[in-house]
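Please look at the sequence and the structure first, and then follow the sections in turn.

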Amino acid sequence: KQLEKDLAQALANHQLHLVYQPQINLESKRVIGAEALLRWEHPTRGLVPPDFFIPVAEANGSIVEIGQWVLDQACWQAARWAFGGTPLRIAVNLSAVQLRQDSIVDDILDTLRRHKIPAGRLELEVTETSFMTNLSDAVAKLRRLRKAGISIAVDDFGTGYSSLTYLKQMPVQHLKIDKQFIRDLLVNEEDTRIANTIIDLGKSLNLTVIAEGVETAEQEYYLSQRGCQLAQGYYFSKPLLPSDFETFVKGFH
Ligand code: G
Ligand code: G
Ligand code: MN
Ligand code: NA
């Protein structure tokens, strides 16, 4: 309850900020973009993990306002990143609660316009749960976003109610292999098979596959050889503050 009250103040009190985790193309070994991840610096509790407060914000609806702030902040930042003429893509997590808002598509397109970001530079990460409450509504909204040029990634793929029916209907371009399947890749045979299956599914449906939670050279090598195109994880970099992200991109090769 106290946490809920504090969360209501977090935005106004400037306690929220974003960190950016680099996303790497495993073939070209280049940074292609970043996932924006929300952080809450609580005045007394310290850093509160998003796994803890996002469900609270979703339950009381404040995720709508917070999510809009995240989108604005990420677009503002992306507009300032040029890196020698190579524009990077910014990936933003979109909560199922946000996707249910009637105005969400207009809000997102309006945000891009305000920051003069081409739609092709924005990726939205949605979870499979987002498709469930109202499939046709979600499909219609994602189609509009896709038509505008925004790309859609299915986050935490394989952990939710993965249904191939959803996947077929959804205008998605990317699948993110959840980090729980990457953690014991090459150690646990089942996890390795699940990762392989997602990579193969991506190939057959013509979707780019991105592995998250890559922590070792062995995992990177395996995924790269197996045909997974993109990756992020501590092996490359933890999520970074904007200035550190700039340094990372300039030094990465
Ligand atoms: O790195 P990390 O602890 O930040 O992320 C934990 C979880 O919180 C992830 O599942 C991630 O998708 C989610 N998350 C992080 N930032 C945001 C955000 O801005 N919006 C939403 N809806 N989820 C986020
Ligand atoms: O959107 P998603 O739920 O997947 O958010 C990514 C989460 O994973 C964030 O909490 C981020 O800080 C975390 N993360 C990023 N890279 C790694 C990694 O290599 N290992 C682990 N264990 N967590 C990671
Ligand atoms: Mn994500
Ligand atoms: Na996620």
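## The nonpolar core

The largest nonpolar core has 61 residues, of which Ala 36, Ala 74, Val 92, Ile 177 and Ala 231 touch the most other members. Helix H3 (residues 63-80) gives the most to this core, with seven residues. A nonpolar core is a set of buried Ala, Val, Leu, Ile, Met, Phe, Trp, Tyr and Cys residues joined through C-beta atoms within 7 Å. A residue is buried if 20 or more other C-beta atoms lie within 10 Å of its own, exposed if 12 or fewer, and partly exposed in between, with C-beta atoms placed from the backbone. In soluble globular proteins, nonpolar side chains tend to be buried together.

Beyond the residues up to four places away in sequence, Ala 36 touches Leu 18, Tyr 20, Val 70, Ala 74, Ile 90, Ala 91 and Val 92. Two residues are in contact if their C-beta atoms, placed from the backbone, lie within 7 Å.

## Basis of the model

The model is predicted: local features need pLDDT of at least 70, side-chain atom pairs count only at pLDDT 80 or more, and totals for chains, interfaces and linings use all residues. Residues are numbered from 1 along each chain as its sequence is written, while chains are lettered from A and ligands numbered from 1 in the order in which they are written.

## Overall form

The protein contains 11 helices and nine strands; helices (H or I, at least four residues) and strands (E, at least two) are DSSP runs, numbered from the N terminus. The radius of gyration is 18 Å, close to the 18 Å that the globule rule gives for 253 residues, so the protein is as compact as a globular protein of that length. This radius is taken over C-alpha atoms, and the globule rule is 2.2 Å times the number of residues to the power 0.38.

Of the 253 residues, 36% count as buried. Among contacts between residues at least 6 apart in sequence, 64% join residues at least 24 apart.

## Strand S2 and its partners

Strand S1 (residues 16-25) and strand S2 (residues 30-42) run antiparallel and are joined by 10 bridges. Two strands pair if DSSP finds at least two bridges between them. Gln 23 has Gly 33 in S2 as its bridge partner. The hairpin of S1 and S2 has four residues between the strands, and Lys 29 there takes a positive phi near 55 degrees.

S2 also pairs with strand S4 (residues 89-93), in the parallel sense, over four bridges; here the bridge partner of Gly 33 is Arg 89. With strand S3 (residues 46-48), S2 pairs in the antiparallel sense over three bridges. His 42 stands opposite Gly 46 in S3, and a hairpin joins S2 to S3 through three residues.

## Ala 153 in strand S6

Ala 153 lies in strand S6 (residues 151-157). Ala 153 is buried, because 24 other C-beta atoms lie within 10 Å. Ala 153 and Asn 93 are 60 residues apart in sequence and 9.3 Å apart in space, C-alpha to C-alpha.

## The ligand shells

The residues around ligand 1 include Leu 37, Asp 51, Val 70 and Asn 93. A residue is near a molecule if its C-beta atom, placed from the backbone, lies within 6 Å of it. Helix H2 (50-60) gives the most to this shell, with three residues.

Around ligand 2 there are 13 residues, of which Glu 212, Gly 213, Glu 215, Gly 233 and Tyr 234 come nearest.
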